[in-house]
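Hi everyone, thanks for coming. I'd like to walk you through one structure today, so please have a look at it with me.

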Amino acid sequence: MKVKINGVEIDYNFYQVESSPVVAFVHGFPFNQKMWNPQVELLKNKYSILTYDIRGLGKSEVGDGQYIFENLVDDFIELLKVLKIERVLACGLSMGGYVILRAYEKQPSLFHALILCDTRAEADGNEAKLKRSQMLHILKSHGKEKFADEFMKTVLSPKTFENKKDIVDFVRNMILENDARGIAGNLIALATRTDTSDVLNKIDIPTLIIVGEDDVLTPPSLAQSIHNRIKSSEIAIIPEAGHLSNIENSDAFNEKLLKFLSRV
């Protein structure tokens, strides 16, 4: 389904279960809502589920390809309003976690609970900005295939490369399905996000922090520091998973997710 949000068409899926809370999933960069397939299949008959493609990615409109991070946050908030969803249990991975944290900072009343996966609160430092610049150069000079190959080296566990070729192919195909302008626009937008570190101490709703044990981008030590700053939070470390813990070990991820949702 598609809806016009803040000037661009956003592609979304809303699986409704009567009298059920809504679990909203926000995907990571540079993927699309299909990354949540293992969680949707688990939950769609138990909870109302919302997934969508962030602007410029998946089947959402690319528009002019010029975004700042606040555009992505405002799209999420506006999508909830358009669909008349008053409150959500929000689950975001990496970029999706950034979106959720900033949206919580702007409108905390929208949220029942948070699930923050393989993410961080800090804005990009100089090193991260230069890395994004390097990846943008690869994308523009060598194309999506080279970009995908380089990017995947940082997000997947070595165990996934060795033992789960189907997952490697699935992740690569998600990247290649995107428009190069949309990838570039989101890559630049990520460098413009604000620091939400101060928000962590203010979160007063149930929060689950999930991280892959082999995540090198947002490692378990970083997840532990987020856990330490959010009162009433809990943390789960997913074995045999890197930055894409929900895909690389969906069984372990889903077990932690379902237990948390059943409690909140």
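This is a predicted model: local features need pLDDT of at least 70, side-chain atom pairs count only at pLDDT 80 or more; totals for chains, interfaces and linings use all residues.

Residues are numbered from 1 along each chain as its sequence is written, and side-chain values use heavy atoms, with hydrogens and water left out.

Let's begin with the helices. When I say helix or strand, I mean a DSSP run, H or I with at least four residues for helices and E with at least two for strands, numbered from the N terminus. Two packed helices are described by the angle between their axes and the distance between the axes. The axes are lines fitted to C-alpha atoms, for helices over the stretch in contact, and the angles run from 0 to 180 degrees between N-to-C directions.

How do H4 and H5 pack? Helix H4, residues 126-142, meets H5 at an angle of about 150 degrees, and their axes are 7 Å apart. H4 and H5 are therefore roughly antiparallel to each other. On that word: angles under 35 degrees count as roughly parallel, over 145 as roughly antiparallel, 65 to 115 as roughly perpendicular and the rest as oblique. From H4, the contact uses Met 135, Ile 138, Leu 139 and His 142, and from H5 it uses Lys 144, Lys 146, Phe 147, Glu 150 and Phe 151. Contact here means heavy atoms within 4.5 Å. By class, that gives five nonpolar, one polar and three charged residues. For the classes, Ala, Val, Leu, Ile, Met, Phe, Trp, Tyr, Cys and Pro count as nonpolar, Asp, Glu, Lys and Arg as charged, and the others, Gly among them, as polar.

H4 has another partner, helix H8, residues 180-190, with an angle of about 170 degrees and axes 10 Å apart. So H4 and H8 are roughly antiparallel to each other too.

Now compare H2, residues 69-82, with H3, residues 95-106: they pack at about 70 degrees, axes 9 Å apart. That makes H2 roughly perpendicular to H3. Among the residues in contact are Phe 69 and Phe 76 of H2, and Tyr 98 and Arg 102 of H3. By class, the contact of H2 with H3 has nine nonpolar, no polar and four charged residues.

Tyr 98 comes up again, as the charged end of Arg 193 sits over its ring, 3.9 Å from the centre. The test is that NZ of Lys or CZ of Arg is within 6 Å of the ring centre and within 35 degrees of the ring normal.

On to the aromatics. How many aromatic pairs does a search of the whole structure find? The search finds nine. Rings of Phe, Tyr and Trp (its six-membered ring) pair if their centres lie within 6.5 Å; planes under 30 degrees apart count as stacked, over 60 as edge-to-face and the rest as tilted. Phe 29 and Phe 147 have ring centres 6.4 Å apart and planes at 80 degrees, so the pair is edge-to-face. Phe 29 is in the loop between strand E3 (22-26) and helix H1 (37-43), whereas Phe 147 is in helix H5 (residues 144-155), 118 residues apart. Phe 29 also pairs with Phe 151: centres 5.6 Å apart and planes at 85 degrees, so that pair is edge-to-face. Ring pairs link Phe 29, Phe 31, Phe 147 and Phe 151 into a cluster.

Is Phe 29 buried or exposed? At 6% relative accessibility, Phe 29 counts as buried. Buried means under 20% relative accessible area, exposed over 50%, and partly exposed in between (1.4 Å probe, protein chains only). Phe 147 is buried at 0%.

Finally, some backbone features. Most residues other than glycine have a negative phi, and most peptide bonds are trans. The peptide bond from Phe 29 to Pro 30 is cis, with omega near -5 degrees. Asp 118 is not a glycine, yet it has a positive phi of about 45 degrees, and Asp 118 is buried at 1%. Ser 232 also has a positive phi, about 60 degrees, but Ser 232 counts as exposed at 65% relative accessibility.
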